[in-house]
Amino acid sequence: MKKATFQFVLRRLLQVVPVVLAIAAFNFLLLRMAPGDAADILAGQMGHATVEFTEQLRREFGLDRPLYQQFFIYMGKLLTLDLGMSHLQQTPVVDLIVDRLPATLILMVSAILLAVIVGICIGIAAARRQGRLADNLISVAALLVYATPAFWLGLMLIVLFSIKLDILPSGGMMQIGAGHEGLAHVLDVTWHLILPATTLGLFYVAIYTRLMRASMLEVYGLDFIVTARAKGLSEGVIAWTHAMRNALLPVVTLAGVQIGHLLGGSVLVETVFGWPGLGRLVFDALLQRDLNLLLGILFISSVVVVIANLVVDLVYGLLDPRIVHR
Amino acid sequence: MRRLATFWLRYRRNRGAVAGALALAVILALALLGPILYPTDPFDMVGRPFSLPFDRFPLGTDVAGRDILAGILNGGRVSLLIGVLASLSATIIGVALGAVAGYYGGRIDDLLMRTTEFFLCIPSFVLAVVLVAIFQPSVVTVTVAIAVVSWPSVARLARGEFIAHRDREYVQGCRAIGMPDWEIILLQIMPNALPPIIVVSSLMVATAILTESGLSFLGLGDPNLVSWGYMIGVARTVLRTAWWMAAIPGVMILLTVLAINLVGEGLNDALNPRLRKR
């Protein structure tokens with residue numbers, strides 16, 4: 001690795017530290033703002049919420065100490081990834097989250113891949129037919145999808161594909177009790193992934209279609225496209241190789257910054273499809289008023305977004321040397 | 001008057017925007033007048049559950065025998081109210097912070113922009129869920145939660161506008177005659193910076209309505225008020241037998257959000273004619 005590149009990577013890595021600390025502090029603040037503390041809730045659940053017992057719990061948790069001390073204890077625990085216990089499930093919050101994270105990542109990655117690939121293709125197709133019927137139809141469809149609440153779209157897809165046509169599963173991540181292994185397992189999960197990934201991805205298909213179309217039309221106005229045409233290259237070659245490569249940049253940029261938004265969307269989509277990921281865990285935590293778990297999810301998902309942005313930035317820096325020397 | 005005429009002339013060129021404005025007017029009228037003209041309480045059990053649309057009740061009844069049309073009309077009020085209030089609050093917070101950051105620059109700018117970036121890192125819907133869960137669902141908490149997760153984009157935009165204007169000649173002129181900063185910010189730069197901000201905040205109403213519907217779908221709506229998201233959440237359990245029950249409120253959300261988006265694009269054409277390329 002060259003020195004400049006190394007410095008760039010190091011600088012970017014160091015920038016993450018204050019952000020993560022700020023997120024942790026913010027989380028602590030939210031926890032303190034909630035009415036009643038962990039001792040109140042636990043004592044209530046144990047069924048003997050006497051003042052003495054609650055005070056004892058408070059001492060155990062260090063809740064009787066000054067706020068700044070509590071803050072340092074909280075931060076110290078975070079460093080060892082101790083997010084406390086889920087009050088109701090009696091399991092460490094971290095374990096619950098780590099358990100669910102892979103399912104969410106699978107869903108998010110599939111949705112974003114679907115959105116980028118389909119969005120790019122439709123966007124190019126629309127740009128090549130600018131102003132004609134197909135272009136107008138694509139624009140109208142994109143507007144409609146852009147205005148559709150994802151969770152409702154999911155429900156309607158279930159009605160159509162699972163209830164009426166009965167060709168796709170309506171929920172879950174795998175067939176219960178089938179005990180598939182190896183390739184059969186992968187296929188089974190993929191089969192269950194189709195509807196949730198489509199539901200989550202369709203909104204972004206609309207965004208990328210519009211963006212790609214606009215970006216392509218801009219590139220079509222540049223001189224090198226005129227040159228390519230003058231050389232006698234076919235329109236297909238011009239669109240799919242020359243123009244596309246240059247029009248891609250804004251799409252990739254946007255895909256990077258939308259990870260946080262995508263995570264929010266997956267909360268709703270997972271709830272609709274009973275997909276066993278973080279989003280579904282949010283819903284369960286809500287039902288059980290499990291605030292500690294909820295804040296743990298907020299913390300971890302924020303960190304995931306920060307890391308994802310870091311990775312996107314680093315990949316960018318390695319692909320485009322100009323960014324390194326900024 | 002002439003400015004209004006030019007505005008309308010430019011706005012009306014966008015046919016979609018005109019249709020959107022008409023649709024929005026109808027939806028607004030339904031939400032405002034509907035509950036008065038059709039005074040059925042949306043929480044009242046008025047008939048047998050699961051009655052079909054166009055049978056005894058215009059849109060049928062839900063799982064508990066409540067009139068769906070009454071729910072749609074009253075729910076529209078809640079969705080629109082929260083959407084507009086949340087977007088307005090987010091705009092005020094965002095413009096205030098963005099204006100100060102952009103006008104003064106330096107340390108203040110650094111601090112405010114780091115804060116903005118920090119908020120952009122946190123998954124906004126998850127944060128909204130946590131905020132509403134902590135402070136108990138009500139119209140106020142839902143509105144505040146949506147505003148809290150929405151202001152950063154306005155702040156960035158406002159900051160950019162203020163940076164673009166702060167060294168222009170007219171601003172330097174104001175400084176030269178000793179005009180106080182607040183007057184320059186509010187009365188001189190603000191009117192010039194507002195057009196793109198108006199567009200973004202009108203589009204934000206649509207996002208806010210989508211967020212609100214998602215929250216109330218998860219059961220985080222005001223328990224004393226019907227909203228479209230809540231109706232979908234209730235109907236979800238009977239999707240197999242009565243899919244229309246979930247379909248109707250969803251169509252209303254779709255139409256409202258679509259209408260607002262179309263109006264936003266029309267505003268963009270009319271207010272920022274130079275930006276109109278694509």
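Q: Hi! How many residues of helix α9 in chain B are buried?
A: Eight of its nine residues are buried, so to speak "mostly covered", with the helix spanning residues 228–236 of chain B. Keep in mind that this is a predicted model.

Q: Which ones are the buried residues of α9(B)?
A: They are W228(B), G229(B), Y230(B), M231(B), I232(B), G233(B), V234(B) and A235(B).

Q: And what do they pack against?
A: Within chain B, the buried residues of α9(B) pack against α3 (68–104), α8 (181–217) and α10 (243–271). They also pack against α7 of chain A.

Q: Let's zoom out. How many helices and strands are there in chain B?
A: Chain B has 10 helices and zero strands. From the N terminus on, its elements read α-α-α-α-α-α-α-α-α-α.

Q: What box do the C-alpha atoms of chain B fill?
A: Taken along the principal axes, the box is roughly 75 × 45 × 35 Å.

Q: How much of chain B counts as buried?
A: That would be 46% of its 278 residues. As for contacts in chain B between residues at least 6 apart in sequence, 70% of them join residues at least 24 apart.

Q: Back to the two chains together: how many residues are in contact?
A: On the chain A side there are 41 residues, in contact with 32 residues of chain B. Several helices of chain A each supply at least two residues to that side, among them α1 (3–33), α6 (133–146) and α7 (150–164).

Q: Which helix gives the largest share?
A: That is α13(A), with nine residues of the side of chain A that touches chain B.

Q: What classes of residue are on that side of chain A?
A: It has 33 nonpolar and eight polar residues, and no charged residues.

Q: Nice. Which residues touch the most other members of the largest nonpolar core?
A: The core has 154 residues, and those touching the most other members are Y208(A), V282(A), L294(A), I297(A), V126(B), A128(B) and V129(B).

Q: Pick L294(A). What does it touch?
A: Leaving out residues up to four places away in sequence, L294(A) touches V282(A) and A285(A), plus V130(B) and A133(B).

Q: New topic: at what angle do α5 and α8 of chain A pack?
A: Helix α5 (residues 93–128) and helix α8 (residues 182–220) of chain A pack at about 35 degrees, and their axes are 5 Å apart.

Q: Is that crossing left-handed or right-handed?
A: The crossing of α5(A) and α8(A) is right-handed. The residues of this contact divide into 25 nonpolar, five polar and one charged.

Conventions
Residues numbered from 1 in each chain as written. Chains lettered and ligands numbered in written order. Predicted model: local features only at pLDDT ≥ 70, side-chain atom pairs only at ≥ 80, totals over all residues. Axes fitted to C-alpha atoms, helices over the stretch in contact; angles between N-to-C directions. Helix = DSSP H or I, 4+ residues; strand = E, 2+ residues; numbered from the N terminus. Left-handed = near helix turned anticlockwise from the far one by under 90°. Nonpolar A, V, L, I, M, F, W, Y, C, P; charged D, E, K, R; others polar. Buried ≥ 20, exposed ≤ 12 C-beta atoms within 10 Å, placed from the backbone. Contact = placed C-beta atoms within 7 Å. Core = buried A, V, L, I, M, F, W, Y, C linked by C-beta atoms within 7 Å.
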